[in-house]
Amino acid sequence: MSEVKDKVKELLNKVNRPGMQELLDFLDKSDYYEAPASTKYHGAYKGGLIEHSYNVYKILKGKIEYHKMDVSEETLIIVTLLHDLCKVNFYKTDFRNAKNAKGEWEKVPYYTIEDTIPYGHGEKSVMMITEYIKLTNDEKYAIRWHMGFSEPKEQYLALGQAFKKYPLALLLHEADMETTYFNNI
């Protein structure tokens, strides 16, 4: 896991924007490098969040190259490695009873959610990032809409418009889904 952490830190340090050092300091003080990506679905283990985000980076980089899109390395790094920033300081470890291999009850750890900033998902990540650095419109819309059609159906019109106007949003959604189902099962 430390190899992925080192790669993620190296990439984030390439972003040269005002406020980036403060964002990096926040990440270091938070559970960003230790947090799971979910409670039980993809990356539900220590360090799952950065592993998931790094896999999204690798997949989106290939998609951008394939489509010959003009996307800066900074934008690629920001939208992939920070798209799930809303999950920082979000998961807590708790314990529940479960039977072990011998059929005996024992307390086992599991992740639970403690959402102290109930502001949604993509929009929460955008909000948290913009407390430190300025985002381009492509970056804001890509991060905001990266959940795609798992958004409530009432949002589908806006989602479709965002995908049409900001193709990076669609590609980030696709890369997020691909790494969720192919890399972090």
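Leaving aside its neighbours within four places in sequence, with which residues is Leu 159 in contact? The residues are Trp 145, Gly 148 and Phe 149, where contact means heavy atoms within 4.5 Å. Leu 159 belongs to helix 7 (residues 156–165); helices are DSSP runs of H or I with at least four residues, strands are runs of E with at least two, and both are numbered from the N terminus. Leu 159 counts as buried because its relative accessibility is 0%; buried means under 20% relative accessible area, exposed over 50%, and partly exposed in between, with a 1.4 Å probe and protein chains only. From Leu 159 to Leu 85 the C-alpha to C-alpha distance is 20 Å, with a sequence separation of 74 residues.

The model is predicted, so that local features need pLDDT of at least 70 and side-chain atom pairs count only at pLDDT 80 or more, whereas totals for chains, interfaces and linings use all residues. Residues are numbered from 1 along each chain as its sequence is written, and side-chain values use heavy atoms, with hydrogens and water left out.

Two helix pairs share helix 4 (residues 73–81). Helix 3 (residues 48–66) crosses helix 4 at roughly 140°, and their axes come within 8 Å. Axes are lines fitted to C-alpha atoms, for helices over the stretch in contact, and angles run from 0 to 180 degrees between N-to-C directions. Helix 3 and helix 4 are therefore oblique to each other: angles under 35 degrees count as roughly parallel, over 145 as roughly antiparallel, 65 to 115 as roughly perpendicular and the rest as oblique.

Helix 1 (residues 2–12) packs against helix 4 at about 135°, with the axes 10 Å apart. This pair is therefore oblique too. Val 8, Leu 11 and Leu 12 of helix 1 meet Glu 73, Ile 77 and Leu 81 of helix 4. Five of the residues in this contact are nonpolar, none is polar and one is charged.

Strand 1 (residues 91–99) pairs with strand 2 (residues 105–113) in the antiparallel sense over nine bridges; pairing requires at least two DSSP bridges. Thr 93 has Tyr 111 as its bridge partner in strand 2. Five residues lie between the strands of this hairpin, in which Gly 103 takes a positive phi near 85°.

Terms used: Ala, Val, Leu, Ile, Met, Phe, Trp, Tyr, Cys and Pro count as nonpolar, Asp, Glu, Lys and Arg as charged, and the others, Gly among them, as polar.
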